[in-house]
Amino acid sequence: MTDSTSLDRRALLKAGLGVGIAIPTKSWAQPPNRARPQPGDWLVFDGGENSGQRITPDLLALEQRPVAALAKDPATSTLRDGSRLNRVMITRLDSTKLSEATKPHAAAGVIAFSAVCTHTGCDVINWVEDKLLMACPCHESQFDVYNGATVVGGPAPRPLAILPLSLDSGSVVVAAGFTGRVGFTQQF
């Protein structure tokens, strides 16, 4: 083998390595709409007559059935709708009845929980009005909204993740990332 052949191989390998590093960085970048809700994002209604509108406490009736919401980046107007794990269910509760562990995550009584059941990942869309419980229609897990969405019935192994909220100029905004793991772990 000659020295020039050896140099050519080295140059080719270095060039290939350089291209290999540059391509994944760009191609693996997460689209902004798939990113989890970020502090400062607005919460907007996901469906219904107010779809896309910024949520304010006065748009939610006290102890109403939770409604679907998504985060929206106020700087870019990017709606974080690229993953179902970003969807939350939001309602307004009596702040004086919230558990001490739940209070810091609410804004003027407005609280948001992951919409994904921790059992098998169904959307938690049912509401047991007389008990004020969110419920999963698939296997009937029930979650206590006044006590951090703790499991009070059914097979769900853990509470729903809470999305901490705050108010900014009267609008409900994301204060921090989810307090727990969003989604489920299939148990066999």
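Tryptophan 42 lies in strand β1 (residues 42-45), where helices (H or I, at least four residues) and strands (E, at least two) are taken as DSSP runs and numbered from the N terminus. The structure is a predicted model, in which local features need pLDDT of at least 70 and side-chain atom pairs count only at pLDDT 80 or more, while totals for chains, interfaces and linings use all residues. Residues are numbered from 1 along each chain as its sequence is written, and side-chain values use heavy atoms, with hydrogens and water left out.

Once its neighbours within four places in sequence are set aside, tryptophan 42 is in contact with Arg54, Leu70, Ala71, Lys72, Pro74, Val172 and Val173, contact being defined as heavy atoms within 4.5 Å. Arginine 54 lies over the face of tryptophan 42, at 4.0 Å from the ring centre; a charge is said to sit over a ring if NZ of Lys or CZ of Arg is within 6 Å of the ring centre and within 35 degrees of the ring normal. From C-alpha to C-alpha, tryptophan 42 and alanine 175 are 9.7 Å apart in space, although 133 residues separate them in sequence.

Among contacts between residues at least 6 apart in sequence, 55% join residues at least 24 apart.

Strands of a sheet pair through backbone hydrogen bonds, either parallel or antiparallel. Two strands are counted as paired if DSSP finds at least two bridges between them. Strand β3 (residues 88-92) and β4 pair in the antiparallel sense over five bridges, with methionine 89 opposite phenylalanine 113 in β4. Strand β4 (residues 110-114) is mostly covered, five of its five residues being buried.

An open sheet is formed by four strands in the order β5-β6-β7-β8, and the pairing is antiparallel. Its edge strands, each of which pairs on one side only, are β5 (126-128) and β8 (150-153). Strand β6 (residues 133-135) pairs with β5 over three bridges in the antiparallel sense, and alanine 135 in β6 is the bridge partner of asparagine 126. Aspartate 144 has its place in strand β7 (residues 142-144); its C-alpha atom is separated by 5.0 Å from that of leucine 133, eleven residues away along the chain.

Strand β9 (residues 165-168) and β10 pair in the antiparallel sense over four bridges, and serine 166 has valine 173 in β10 as its bridge partner. The hairpin of β9 and β10 has two residues between the strands, and serine 169 takes a positive phi near 55° in this hairpin.

A nonpolar core is a set of buried Ala, Val, Leu, Ile, Met, Phe, Trp, Tyr and Cys residues joined through side-chain atoms within 4.5 Å. In the largest such core, which has 22 residues, Phe113, Val124, Met134, Phe143, Val145 and Leu160 touch the most other members. A second, separate core of 18 residues includes Leu43, Ala161, Val174 and Val182.

Methods. Buried < 20%, exposed > 50% of the residue type's maximum accessible area, 1.4 Å probe, protein only.
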